[in-house]
Structures are given as structure tokens and as C-alpha cells.
Amino acid sequence: MRAFVGALILSLCAWHTHHRAEDWRSDEALWSAARRTAPALARPAFNLGVALVKEARWEDATIQFLAAIQLYAAPSAWFDMQRHAGQGLALVDTLGSPVCDRPEVSPWCVWR
Amino acid sequence: MVCLAMTVLAYASSLSGTHVYEDDVWPTWHGWRGALAQAVRWPGRLLPPLTMDLTTAVAGPGSTPARIVNLGWHLLNGLLVGLLAWPLLSATGAVFAMALFWLHPLQTETVAYVASRPELIAATCLLLALLAVQRGWIGVAWVCAVATLLAKELTITAVLLVPLFAWWTGQRWSCVAITAWAASLVMLAIGGLLALHQRGLDGPLYGLPSIRYTAGQLAALGRLVLLWPEALVHPQALTIDHDWRWITRPVLGPVLALWVWALLAAHRHHWPWWGFAVAWTLVALSLRLVLPIPDGLHEHHLYTASIIWSLASGAYLFQKASA
């Protein structure tokens, strides 16, 4: 009986580890998984936006950067989310589509 | 062999992945020359860049060779866990502990994330220290425990974990050994404080230690500890970023009380496996619980603690109530 329980536990572990390891294949997979688990956190949204910029998915990146700005509750001494996400939006505007003209995006675009 | 194959298969899908998050930063760890130069000023993290450089020299750049090395290192650590468990548990229990350490989904962040290489190397040093102390080689154990500094600074708690393990497994050291070990602890503590002062203890990255900060960290640690059983039925709870916003002032008092109660209960029951696991976890993460580091607590920080969790799980499933 104990052997059966042990084998069951190990099988469950292997199965879940296999699926969790797939989340670590890429930045997009990793931060998408983090967004699903903690949808109210700003950092996964910001990092997902960065990952999407690297893949030239400008519209999706814009959505994530705006989400990061809206989710970030208080300014931090060591990471200014509004500034960093705003720079991300400016980058999307420069490299991809001109998103900073949009009324919902323009207040946040931060240029160097 | 079956468990080893299962572990390789479980991680196979991640081996061909790209660099993620801080992996893009860590592989440029200045190569071996930079690592040696850094080690003169600050001994922490000498070994990880050396291993990264060696991997690149042998297998070329890219994330796949680094991930394969991470997996291999994790398999090595699992073998060492099995060796450690062999005298403490039944044969089946030791094999189960080893396999659980290999396969538990909580380990994924440490294994699949190249930037967690310091945790892997530190665990190897700690396991070698525990194996040495199990055989009564206290000097060798000390060298291995201090060697964790070369992997990751905060894993120097190994010098506390080794005597804890020795005490719990019923070893009795001579006065000379105890005095020498205690003296080395004092010297390491002084060195650590000087290094922290040099880096600006009251600078922008560090605040002063406080009970409130420690209580908050204990709350986070408690949540992460619960992931050990929870991940078996709710693996979606595993994430690189946990939501800690529930840790507010009203929670801190009960959290502190819960941890104190756990320690007192463990003492009252003469430190069974679960009690030892509680003490081990607190000591392993003691520096992170006390020093106000903005990094926060993540799943890969539990890699060292999971050594004893695996052993305890093997002990309870295959019935060995105490060492």
C-alpha cells in the first residue's frame, strides 16, 4: 500500500514538473503563467510586455505595459513601474506601431 | 534508474528553451578572469560563473547546454540526498526521498532557471558537508560548508545547518570541535557584517533589520512551505512571482505566533522529523528572514530546505518516526 502511495506521489510529481518545466521554456511562457497565477501583480505584466516586445508583438505588449501601470499601486524606491512601463510603451511606438498617439497610452509614454 | 529517467523526461521539454528573465544577465558573469577578480574583493559567486564559462567552452553558448548542466547538477544533488538518507531511513524510504527531491515540481524554478545555478552549487557543497559530518569528518564538513560562500553568499547558513544536522542525528562533538566551529562562526559573522557595511548597510538597497520585516518574511516562507504538499494537487500555485499583498500588519502577529508554536511543539515532542524540518527551514533561510533584501522570497530559495523535506517525507511514508 505504501509503495503504491509512493509511486502515485512520484508520478504526480513527474507529471506536474513536466508541465511546469514547459513554463520555463521562454520568457513569454514564464510570464504568461505568472499572469494567470497572479493577475493582480504588476511585475508579471511588465515582464510579459518586455517578452512580447522581443517577439515584435506590439499590440499585445502595449496591453501588458498598460496593465502593469494600472496594477502598480504605489511607487517603489527601487523600481518605478510607471516610468519603466512608459519607456516600454515608447519603445513599442518607436520600433513597432505608433501607440503613443492613442489617448489611453499617450499619458504614459516616457521618452529618454 | 526509473526515477532518474522520469526526472530527465520531466525536464526534457525545458532543455531546448531560451534564456529567461535574468538568464540574459547571468551568463555574462564576466568569465573566469572576472570571477577570480571579483572573488578577491567579495568571495560570493565565484563558482557559478566558472561553471558557466566551462559550459560555454565545452558545449558552446546558448541556453540548452546551461540547462542540461543545471539538470545534471540537480541529479547529482538528488544522488547525494539518497546517500544522506541511506543511514537514516529504510532503503525504500531513502530511494523515495531521493526521487521526491528529483521530481517535486517546487524544484522546477531551481533546475530550469539557469540563473539559479548558485543554489544548485550551494546545495552540493552543503550535502557534501552533511555527508562528511555523518562520517565524523568535521574538518571536511567545515570546508564544504564554508565553500557554499563561493556559490551564493546567503547559503553560508550551511555552517549552522551542519551542526544542527549533527545534533539531531545524535552526534556528540568534542569540546575542541565545538569551540573551533563556534569560533569560525564568530569570524564569519564579523566578516559578513564588515562586508555588509562596505556595501552600505543603510544604503538604498538595505534597511535595518526589524521584527516587522522578519514577521513578513516568515509569512511568505509559511506560504511557500505549504507549496510542498499543495503542488501535488494544485501545481498552478507555482509561479515566479507570488502575490504577497495579503501580508499586512494584522497577519504578522499570528504568523509569528504560529512559527513559535511550531518550534515549541517540536521541542515538546522531542524533535520528530517534522520538527527538525521546521528548524532546518528557519535556519537555512535565517539570513533572508533577518536581512532586509529587496529580492524577496522565491521558490528557488527553498532548494536547500527541500533536502530535509524530502527526507522527512520518505521517513513518514516509510515509517521512521525519528533518526
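Chain B is built from 15 helices and zero strands. Helices here are DSSP runs of H or I with at least four residues, strands are E runs of at least two, and both are numbered from the N terminus. Keep in mind that this is a predicted model, where local features need pLDDT of at least 70 and side-chain atom pairs count only at pLDDT 80 or more, while totals for chains, interfaces and linings use all residues. Residues are numbered from 1 along each chain as its sequence is written, chains are lettered from A and ligands numbered from 1 in the order in which they are written, and side-chain values use heavy atoms, with hydrogens and water left out.

Now look at contacts, which are heavy atoms within 4.5 Å. Among the contacts in chain B with a separation of 6 or more, 76% are between residues 24 or more positions apart.

Next, hop over to chain A and find A:His16 in helix 1 (residues 2-23). A:His16 has a relative accessible area of 12%, so it is buried. Apart from neighbours within four places in sequence, A:His16 touches B:Pro105, B:Ala231, B:Leu232 and B:Pro235.

Let's turn to aromatic rings. Rings of Phe, Tyr and Trp (its six-membered ring) pair if their centres lie within 6.5 Å; planes under 30 degrees apart are stacked, over 60 edge-to-face and the rest tilted. That rule gives 13 aromatic pairs over all chains. One of them is A:Trp24 with B:Tyr113, a tilted pair at 5.0 Å centre to centre with 40° between the planes. A:Trp24 sits in the loop between helix 1 and helix 2 (27-37) of chain A, and B:Tyr113 in the loop between helix 6 (108-112) and helix 7 of chain B, so this pair joins two chains. A:Trp24 is buried at 0% relative accessibility, and B:Tyr113 is buried at 4%.

Another tilted pair is B:Phe165 with B:Phe276, at 6.5 Å centre to centre and 45° between the planes. This one links distant parts of the chain, with B:Phe165 in helix 9 and B:Phe276 in helix 13 of chain B, 111 residues apart.

On a 1 Å grid over the protein atoms alone, a pocket is an open set of points with protein on both sides within 12 Å along at least five of seven lines, and lining residues have an atom within 4 Å of a point. The pocket has 27 lining residues, with B:Val225, B:Leu226, B:Pro229, B:Val278 and B:Trp309 nearest its centre. Helix 11 of chain B gives the most to this lining, with nine residues.

Note on methods:
Buried means under 20% relative accessible area, exposed over 50%, partly exposed in between (1.4 Å probe, protein chains only). On a 1 Å grid over the protein atoms alone, a cavity is a set of points where a 1.4 Å probe fits but cannot get out, and a pocket is an open set with protein on both sides within 12 Å along at least five of seven lines; lining residues have an atom within 4 Å of a point.
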